[in-house]
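Subject: The structure to look through

Hi,

Here is the structure I promised to pass on to you. Have a look at it first, and then read on for what turned up in it.

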Amino acid sequence: MVSEKLYLKGDKLLNILDYDFKSIKNALRMGRKETIQKIKDSELKGRGGAAFPTGLKWQLASEVEGEEKFLVCNADEGEPGTFKDRYLLEERPLKVLEGIMLAAFAIGADKAYIYIRGEYTRAIEVFTEIIAAARKNKILDSKIFDSNFKLEIKLVRGAGAYVCGDETSLLNSIEGKRGRSRIKPPYPIQEGLFSQPTVVNNVESLCCAAEVLNPDSEEFANLGIEGSRGTKLLCLSGDLNKPGLYEVEFGKITLQEIIYDLAGGIKAGENLKFVIPGGISTALITAKDLDFPYSYQAFEKRGSSLGSGAVIAVSKKHDLLDLMLNVSRFYMDETCGTCFPCREGNRQINKILKEFKNSGQKIDAELISDIGNTIRLAARCGLGQSSLNFISSVIENYGQELKIGGKIYA
Amino acid sequence: MLKAVIDGIEMELKEKMSILDAAKKAKINIPTLCYEEGLSIYGGCRLCVVEIEGEELLKPACATDIQAGMEIKTHSKKVRNLRKNLFELIIATHNIDCQLNCLTCSRANNCELKNIAEDIGVSKMRLDPIKRGEGIDNSSYSIIREPEKCISCNRCIRKCEEVQGIGIFTTANRGPETVVTTFKNRGMGNVECTNCGQCILSCPTGALHELYQKDIVLDILSDQTKHVVVQTAPAVRVAISEPFSNQAGDISTGQLVTALKRLGFDAVFDTNFTADLTIMEEGTELIERINSGGKLPLFTSCSPGWIKFIEHFYPEYLDNLSSAKSPQQMFGALAKTYYAEEAGIDPEDIVVVSVMPCTAKKFEAKRDEMAGDVDYVLTTRELASMIKSAGIDFLNLEESEYDELLGVSSGAADIFGTTGGVMEAALRTATELITGQELENIDFDIVRGLEGIKKAEVEIGELKLKAAVAHGLGNARRVMEMIKEGEEFDFVEFMACPGGCMGGGGQPISCADNVLEKRQQAIYEIDKQKTLRKSHENPYIKKLYDNYLEKPGSEKAHRLLHTKYKARKI
């Protein structure tokens, strides 16, 4: 029987007086260099979806000179099906706070922002209280734990745009600008918030970093397998008997076990058709192909990604076209409108699918493929580039059933 | 220096150069749409994407710096196919249909989209046009917006914000509802728009154009009861041939006059004449202010875009503006008084039409303070279109002369068409009038050229005149801030458009490189060829004062040739 590995998940951590801040104290004792080395050694990768090595990011940022530096915690959790950051913010905000402190200390920032999705009213309340309590108990601002480390934290509420989950769009949003991606380079590490060196980390990544530095969980960094270390929070949803938030060790559990053991299998005796492994910006995994250990590399090998950890199980009772329309509508509405491939491409895809649904006539697979490639190869930001991943994978796998046919990505 | 390969061509290139610029060096044209030289990089249209060896995703050439060892393919099959597909997506949003079609478009003969289609070899169109149902914005006296034609390239936004320093446009909404609009969708007539029309020059489609009066003017020309007089601004004669010849820098003053006569104007006069007059009135005002300790610096008031700018953003400096009307308005006032009397025509029957390189002149003519001076204002583009529609073979026309009374001008008036020109014309006259001696060299090179802000100290007898020249409203703002911070000037020339009037928002949309330089050379060439080169020596100006206005700054001159301005809100 498979089981969870609990590090990030656990009892509520809300009372600042009961929390020891062992990780940050540990880091303050070790110094910045060694702290970063620990994170590098842990092979921690970003948990927001892009999987960039966290230690490397911190190291690069720590080496950049700037008038000031910023650490930004990306809590704009907008990928449909994802609710792990919400859990961490609502139930374990002290862990998040500690992660922010750690990262800020490591890169040499004395100002941090946490950008929380606007709809997360509870999380915003909780974290506002945590910041206030930390300041009151002299855990923020200056001379933190009797060191020279000082940190100011500001909470910013998102205004409801999916694109602001993209780090450069998020920075624009904090600056009061329109939520749209920036041209890279310069990367945020060089010129980020208010043109200063900035590290943007996902909530879960910061909590993992806190685990790595936690003397009580020294084994955390050794969990998993090479290339996929530590644990991952999974947001299981869809046609499952036991949907919810789970924490698993990388490489030690298969997708099959996740669906059928952890989540209790498919609801109401239905059969599984496919799994969306990491939110709707990832390509689906068919029901036949679930028997592989959960890791970054296993999904990459399958042309997909574990994304944000939003695992959505889809049974055979659904109309594929409806699912595609749903996802397409989402991307059409949520493109920031800046680059032509994403804005116009997603609009046209939605139109084509809608017409197909209404008329039932043959669909122009070549046209979908042309538009799909245009978006993937030429869109301005990662969100745009991956906006057609799910729809393309549906057509590739179930083209015959849909009477569409053909490979989408050239 | 670094080495890179573009389309198989090995190149040695400077660091920090975009792939787009590097390709240009290799004589490779990469199609662009949202890119415009002089504006910030937007990276939105993605038409300039190229393939970089070893990278799967394509990269925008405008926004990607070339790196050592890069192997770039600018026109590979992958790239070409993508551009074609992308172009289909763009065209679908441009909404071409029976109502909005290419034949009736303001950009029918210089459409950037059409040029791009040709460049990338578009061969099929599979997508239906998308109707957004946005209405036309006709709230402005100068500029019309047709949002249905807008493809959201953001060039107008960036031009207005970055070059002109104003920012009346913005992007609103997201997703497919993303549109370019004005603040709270109020319309161009209800925001701080200066009517300069620089956005029109940047628009790749027909989404922005002037408020057309060409058809009304054609109608009036066929009304035998009206006596229709026309005036042409200095910058028109060096640009009017561009839509016919597709090259810049030709002087076609004589053909312009002939064409206007053929179109049926009863008298063809020159705004240059009232430019000379402006020098007399404004120069007198300057000398008076200097001598009597009046408000300095004195600001020029010829550019209606600049006037609206100062009214919105620096109303506390309105008293620094010369009270002299602009040459266009002076002309209108004189045409309906002096000319009417001299020619024995009832002013009620006179219709005054202007041909201007400017869209803001349309607004100026409608100002309450000067209403009735000028009846209709045509841009250089509109006149070119009228000439075409009248079947006139412009380039091969014989030359004719302006009608005399309000048509003779000095070279000093010609240079009003370029940045620095009003200053130079004023310096020529002021120096001679103050010192009583003839200038040895009348070319004031110190105020020439295309530098954004020029400062000069000019010795006029015992007086050291501190002068500044600014063109483009971004530069105007910079000079205003210098003044605010205490920098002292006596006389400042402000022009709303980059380059001055020759770069005006009503000029032909450039088809040539370095168009401003070429137009400017032509303007100075006209001045050089003239024997009469100083405003105060214009015999018809002398005649006007002797017979009608008495002297510069007289009570009558003030009544006809001077005006007031008003503070406007932001």
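Strand β7 (residues 231-238) of chain A is joined by 4 bridges to strand β11 (residues 310-315) of chain A, and the two run parallel. Across this pairing, A:G238 stands opposite A:A313 in β11(A). Please keep in mind that this is a predicted model.

β7(A) also pairs with strand β8 (residues 244-249) of chain A, this time in the antiparallel sense, over 6 bridges. One partner pair to find on your screen is A:K232 with A:V248 in β8(A). With 5 residues between them, β7(A) and β8(A) form a hairpin.

Now zoom out to the whole chain. Chain A has 15 helices and 11 strands, and 56% of its 410 residues count as buried. Its C-alpha atoms fill a box of roughly 70 × 50 × 35 Å along the principal axes. A compact globule of 410 residues would have a radius of gyration near 22 Å, and chain A agrees with that at 21 Å. Among the contacts in chain A with a separation of 6 or more, 72% are between residues 24 or more positions apart.

Next, the inside. The largest nonpolar core has 292 residues, and those with the most contacts inside it are A:V72, A:I100, A:A103 and A:A112. Helix α5 (residues 93-107) of chain A gives the most to this core, with 11 residues. Leaving aside residues up to four places away in sequence, A:A103 touches A:W58, A:L71, A:V199, A:N201, A:L206 and A:A209.

Is A:E65 buried or exposed? A residue counts as exposed with 12 or fewer other C-beta atoms within 10 Å; A:E65 has 7, so A:E65 is exposed.

Finally, there is the place where the two chains meet. The contact takes 27 residues from chain A and 25 residues from chain B. On the chain A side, the elements that give two or more residues are α11 (320-334), α12 (340-359) and α13 (365-378). The residues on that side divide into 11 nonpolar, 8 polar and 8 charged.

Enjoy exploring!

Best wishes

Notes
Residues numbered from 1 in each chain as written. Chains lettered and ligands numbered in written order. Predicted model: local features only at pLDDT ≥ 70, side-chain atom pairs only at ≥ 80, totals over all residues. Core = buried A, V, L, I, M, F, W, Y, C linked by C-beta atoms within 7 Å. Buried ≥ 20, exposed ≤ 12 C-beta atoms within 10 Å, placed from the backbone. Contact = placed C-beta atoms within 7 Å. Pairing = 2+ DSSP bridges. Nonpolar A, V, L, I, M, F, W, Y, C, P; charged D, E, K, R; others polar. Rg over C-alpha atoms; globule rule 2.2 N^0.38 Å.
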